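Subject: Handing over the structure

Dear colleague,

I am passing the structure on to you below, and after it you will find an account of what came out of going through it. Please read the account with the structure open beside you.

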There are 2 protein chains.
Amino acid sequence: LVQPFTDLITPDPSNPQPIYLQIGGKLTSLITGGRLAAGHRLPSTRELATLLGVHRKTVIRAYDELLVQGWLESQRGRGTFVATRLPGVRPRSWALPQAKEKYKAVRKENPPARDAKALAGFLVPWAPHLEREDPKYTFACHLDDGLPDPRIAPLSDLARGYRAQLLTGRQYTRLGYNDPRGSSLLRETLPSYLDETRGLKITENNLLIVRGTVMGVYLISTGLIRKGDVVAVSDPTWAGAVMNFAQAGAELVRIGSDGDGLAVDELEALCRQRTVRLVYITSHHNYPTTLPLRPDRRLQLLRLAETHRFIILEDDYDYDFHYQNKPHLPLASADKAGMVLYCGSFTKTISPAIRVGYIVGPENVIQHLAKIRRIIDRQGDTLLENAMAMLLQNGVIQRHLRKALKLYKERRDVFCELLRSKLGESVNFHVPEGGMAVWTRFDPSIDLEVLAAEAAKKDLFISSGRQHDTETIRRNATRLGFASSTIQELHAAVEILSGILNGNK
Amino acid sequence: LVQPFTDLITPDPSNPQPIYLQIGGKLTSLITGGRLAAGHRLPSTRELATLLGVHRKTVIRAYDELLVQGWLESQRGRGTFVATRLPGVRPRSWALPQAKEKYKAVRKENPPARDAKALAGFLVPWAPHLEREDPKYTFACHLDDGLPDPRIAPLSDLARGYRAQLLTGRQYTRLGYNDPRGSSLLRETLPSYLDETRGLKITENNLLIVRGTVMGVYLISTGLIRKGDVVAVSDPTWAGAVMNFAQAGAELVRIGSDGDGLAVDELEALCRQRTVRLVYITSHHNYPTTLPLRPDRRLQLLRLAETHRFIILEDDYDYDFHYQNKPHLPLASADKAGMVLYCGSFTKTISPAIRVGYIVGPENVIQHLAKIRRIIDRQGDTLLENAMAMLLQNGVIQRHLRKALKLYKERRDVFCELLRSKLGESVNFHVPEGGMAVWTRFDPSIDLEVLAAEAAKKDLFISSGRQHDTETIRRNATRLGFASSTIQELHAAVEILSGILNGNK
């Protein structure tokens, strides 16, 4: 009777799995393998502990586990038995994990035992255009969507900021639950910064700190758009915003844009026919074309919003990067009617993984959106928000921006000259006055998807630009980001493109 | 003609506002004050630059700004004039910020010029019970909801982890956009950890990293609950989950609970009458009562889910803290039918501001929820997720948990003895087998809201427990957290409560 236990149950102390789990696993296989029949009386915990040379508590834990799973039954005063009716529920597998490299191992060999498709019918339908895969950022070279260069960012300062946040002051308060609107330090710091840089006159109650512009658009879509509302966007526009409006159930209307930005006359005509709920605009450098909205159209847009009572969602994603010395203050700075909600971000200031942005709006809207934020993820990243506030107060961000602006301008000039001299008539573009990418139209004879695939083979990322197309319009254009590459890297990237295009001729 | 310019426009280089903004502001006040009439010709930029002793580019920027705002008009070849029709849009105010303490100043004195209530009618209605204010965490003493003690957490290790993430490796990739499901390092690390600690057999494709349990509940509510679906919860339960189910439009049904957890028989009766979509359960230590679900009820619940096809949302918020040496593996570990979605979190492991948690579920559900995550905030905090993975691989988290478990057990024992000896018959409680709080029922003669208010006056936080009440049931009970206070602090806190209660007699 005791034979199987001493023979088959050999706890291995070098195994990272706890001994009680090892014993439990062996007992289960003895039961499923038929060595221990239903109704069989098990040794007492004291007996088995002695047999196996382990502490009695360990055996108690193993038995308890199997009692919970239904493999064993306990009868008061009589002992522990293999259950007469084995559970319909299969217990978790007891496979022993590899001791070495265990945390790094991708456990593809160990799929879950459960039915993987049981909930397939439970998924709330989701807009099909959200299926688009995100690009990879692991190429050696990249002409991306317009990302910053983290190699020049004040990352040491940020690391010191994190450290100070973690290790100084009263940790219970600072590292505890906080205001869903964001860290009070950052909310007290931003009004002055936004006043000086953008002419925004606000208090901390007009601010909701978010994890990047996309969260701003999500909160506004969830909190201010009802199913069936008309939302107007420029064509082309940012697919990330469109995803959110679509999922909120909005009816999307695309308004044309030309060299001076959104065709506001066309929007006005729409307003006469339909009730427009929200207009989404990247006024400073229109996304993806990088063109600023012409001043008279800015005023016309503000007047339209006041007359027709629609929200202007102003996404000022790369306000900090303008190379022509002309200030274009945001629409929000001249918004007397209170119809503008403004989204800004530090994503392009440091790096996309540093996810801090903000919504500027009337206090009642901020409070409303904070309630939504509260049930989504409770609060932002207090450590990061406080660290960013420190970097703003010390002028680190401001110094970094001055340095980056100078560097990116050089990179823009070099890159545009390279496009001109190396790609010649294959491409058509304006030198962007600001931003971090060149909106590049390719000759119709060039298939951008093929070009992107060929470039990928040479370890260069470019986007096919398909996300800027609609069902009816194929633009054959893409954004080529210059800011994240050094001048040498820009040379190498254009050399690769040139090689592919000349090889194709 | 030049008089007002030299007299009134005196740029101040020590003022943090850029000179061009100072000039623009003065010009605007000269216009609104009537000193510069409509149609008045301004000096050329060269002239004004000489008059003011500033660079000509600075004046160009000031003029450009006012042209954009509509205060000035430019006539090609003739010069710049005060606009004949002044803009309906008032420009941003040009008030000069304080140079000192500017970033720390809360700018209450400087309210926005715009109409603050214009969007009041635009707010999508929101469930009224979400209005509850969160407690403050700034008291000297606190018997909180069951929070950890960050003073004993491995914060130096975490700071080193952040630093390593920021400063080593290829920053463009690591600090760029990443997988919405979470950092691949953490997703590769967690399966082994969850296997060893919880018996969960999963791969990285069964994991979605979230910013705490509340985000897990939000994503599941958004992605799997349709308006009108029946969601069953225990009574009492966690108000944070209820907020999410309510906002998703679910019909909430409260199932009774007793000393052995959820009354599964009552749930079974409900299932015979109604189609239940989801059952929310804190199986390990029922929230707020801390009682574990009895083993046979666990099996019964799993069987019910399989038979009646409802989702079990298992919130295992404080799995790591159990003091009785009995393993209670999660329901998810025995879920053959694939009906369990499991939420875990490191919030209680380190501190609430360290917002890392995870959903474990079938791959198709994880992919579905990742699409929602993608449009909410794009991705989690890669730096933090990678740093946590490092702490798991180095065993830092595991060592911390062993230390914390020992310490919290001592604090629990001391605290329960204090409640017994100092508060006597005023309170009624069970010593919790696990978790970080004592579910404490107060004598009906004691008004908990008054007690909480009196305690606050003595700088002690306790919750009134009102969030655990329903419209019909007043429990007069609250959670008193013991884990975040030292033994001396626990003595002080109970002394305060005892003083108030004895003073009331």
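Two strands are said to pair if DSSP finds at least two bridges between them. Please also keep in mind that this is a predicted model.

Strand 8 (residues 276-281) and strand 9 (residues 311-315) of chain B run parallel and are joined by four bridges, and B:Tyr280 has B:Leu313 in strand 9 of chain B as its bridge partner. Helix 12 (residues 363-377) of chain B packs on the sheet, where it touches strand 4, strand 10 and strand 11 of chain B, and its direction makes about 30° with that of strand 4 of chain B. These strands belong to an open sheet of eight strands in chain B, with the order 4-11-10-9-8-5-6-7 and mixed pairing. At its edges stand strand 4 (207-210) and strand 7 (261-262) of chain B, each with a single partner strand, so one side of each is left without a neighbour in the sheet. Helix 7 (residues 184-198) of chain B lies across strand 4, strand 10 (340-345) and strand 11 (357-360) of chain B, and runs at about 100° to strand 4 of chain B.

Chain B also has an open sheet of three strands, ordered 12-13-15, in which the pairing is antiparallel. Here strand 12 (427-428) and strand 15 (477-481) of chain B are the edge strands, each of them pairing on one side only. Five bridges hold the antiparallel pair of strand 13 (residues 437-442) and strand 15 of chain B, and B:Ala437 stands opposite B:Gly481 in strand 15 of chain B. Helix 14 (residues 396-423) of chain B lies across strand 12, strand 13 and strand 15 of chain B, at about 20° to strand 13 of chain B.

Turning to chain A, its secondary structure comes to 16 helices and 15 strands, and buried residues make up 62% of its 505 residues. Of the contacts in chain A between residues at least 6 apart in sequence, 69% join residues at least 24 apart.

Two helix contacts deserve a look. Within chain A, the axes of helix 13 (residues 382-393) and helix 14 (residues 396-423) come within 4 Å and cross at roughly 70°, and these two helices of chain A are therefore roughly perpendicular to each other. A:Met388, A:Leu391 and A:Leu392 of helix 13 make this contact with A:Val396, A:Ile397 and A:Gln398 of helix 14, a set with five nonpolar, one polar and no charged residues.

Between the chains, the axes of helix 12 (residues 363-377) of chain A and helix 8 (residues 213-224) of chain B come within 5 Å and cross at roughly 100°, which makes helix 12 of chain A roughly perpendicular to helix 8 of chain B. On the chain A side A:Arg374, A:Ile375, A:Ile376 and A:Asp377 take part, and they meet B:Val214, B:Met215 and B:Tyr218; the residues of this contact divide into five nonpolar, no polar and two charged.

Finally, A:Arg474 lies in the loop between strand 14 (460-462) and strand 15 (477-481) of chain A, and with a relative accessible area of 51% it is exposed. Leaving aside residues up to four places away in sequence, A:Arg474 touches A:Asp447, A:Glu449, A:Arg466 and A:Asp469.

Terms used: Residues numbered from 1 in each chain as written. Chains lettered and ligands numbered in written order. Predicted model: local features only at pLDDT ≥ 70, side-chain atom pairs only at ≥ 80, totals over all residues. Heavy atoms only, no water. Axes fitted to C-alpha atoms, helices over the stretch in contact; angles between N-to-C directions. Parallel < 35°, antiparallel > 145°, perpendicular 65-115°, else oblique. Contact = heavy atoms within 4.5 Å. Nonpolar A, V, L, I, M, F, W, Y, C, P; charged D, E, K, R; others polar. Buried < 20%, exposed > 50% of the residue type's maximum accessible area, 1.4 Å probe, protein only.
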